[in-house]
Amino acid sequence: MFPIVRPRRIRNNEVMRRMVRETSLSTDDFVYPMFIVEGTGVRKEISSMPTCFQESIDKAVENAREIHSLGIPAVILFGIPDHKDAEGTEAYNDDGIIQRAVRAIKEAVPELYVITDVCLCEFTDHGHCGIVSDGEVLNDPTILLLAREAVSHAKAGADMVAPSDMMDGRVTAIREGLDEEGYTDTPIMSYAAKYASAFYGPFREAAESTPQFGDRRSYQMDPANRREAMKEVALDIDEGADIVMVKPALSYLDIISDVREQFDVPVAAYNVSGEFSLVKAAASMGWVDEERIMMEILTSIKRAGADIILTYHAKDAARALGG
Ligand code: PBG
């Protein structure tokens, strides 16, 4: 009449809970995103993303030292250039904002792994992730520019490139571009299943990359689609992606889990700006316990199957983990 099997037996003591815990979060899992702007001495907090800043290169270098000292292995860089144009030329200028930032950070903190986001949206005046003609975002001319951008990042010393544009065939174009220039050992982490999401709202303020007309639904995925993500991931792996990413993370844990099940490459998940801002906003109202919510969210992303988590919480989480 009373239970023989009592799952609570292994739950009632913290030592035992530690021993049977299935998922453990580590500072090694994190990548911290940074937003780089022109100038010197600039460190401007992003209003919708408290604790995150737009930083000039000198300040970013200081921040990189702190990130490294917290034990976080990697950063991903986003650049906001002063000059934007229709072709996003600053994206593949060898002396552009990202290229200079990569050189400065690698020189100051060589052990910190520097990933660059490869996309045009921060560099185009229309804010789209590619070349626009008659209101359409063109695929094939765009991937040629993305390849040039990736090569330019590698030349500056980027350890890995991460295309986030969602054009077809861009991994092939980037891989060929890198290989032709001798960067055969530079890995590609592709934003393989990237959804057209409202969760990117705060990022677009941070990166000043809001599309000036229309939206990104002709290239980013429909949030309603699950099977299509497997097609996108399979294509990117075939084209040579070394690591595949699902983005956003929290509303897409099923996708992370499917990718983990079906493919044997490392899986990254991007815990995006809107997911971060919701936590910050609720915590500032005193409605949730920020640290516990943060750790629970990050644990859930890891539990779903992510090996790597890109997150604005990385510094706080590293501190919470005792890093
Ligand atoms: C650029 C890019 C975006 C994000 C990462 N790379 C924005 C977008 O696609 O509109 C979003 C990151 C975030 O919200 O934290 N293509």
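## R43 and E55

R43 and E55 pair through their side chains in a salt bridge, with N to O at 2.6 Å in this predicted model. The two residues sit 12 residues apart, in distant parts of the chain. R43 belongs to strand β2 (residues 43-45) and E55 to strand β3 (residues 53-56).

R43 has a relative accessible area of 40%, so R43 counts as partly exposed. E55 has a relative accessible area of 1%, so E55 counts as buried, because buried means under 20%.

## D307 and R260

A second salt bridge joins the side chains of D307 and R260, at 2.8 Å from N to O. D307 lies in the loop between α10 (290-304) and β12 (308-311), and R260 lies in helix α8 (residues 253-262). The pair therefore ties together parts 47 residues apart in sequence.

Both residues are partly exposed: D307 has a relative accessible area of 34%, and R260 has 25%.

## R170 and D165

R170 and D165 also form a salt bridge. Their closest N and O atoms are 3.3 Å apart. Here both R170 and D165 are buried.

## Network and total

Salt bridges also link a set of residues into a network.

Methods: Residues numbered from 1 in each chain as written. Predicted model: local features only at pLDDT ≥ 70, side-chain atom pairs only at ≥ 80, totals over all residues. Heavy atoms only, no water. Salt bridge = Lys/Arg side-chain N within 4 Å of Asp/Glu carboxyl O. Helix = DSSP H or I, 4+ residues; strand = E, 2+ residues; numbered from the N terminus. Buried < 20%, exposed > 50% of the residue type's maximum accessible area, 1.4 Å probe, protein only.
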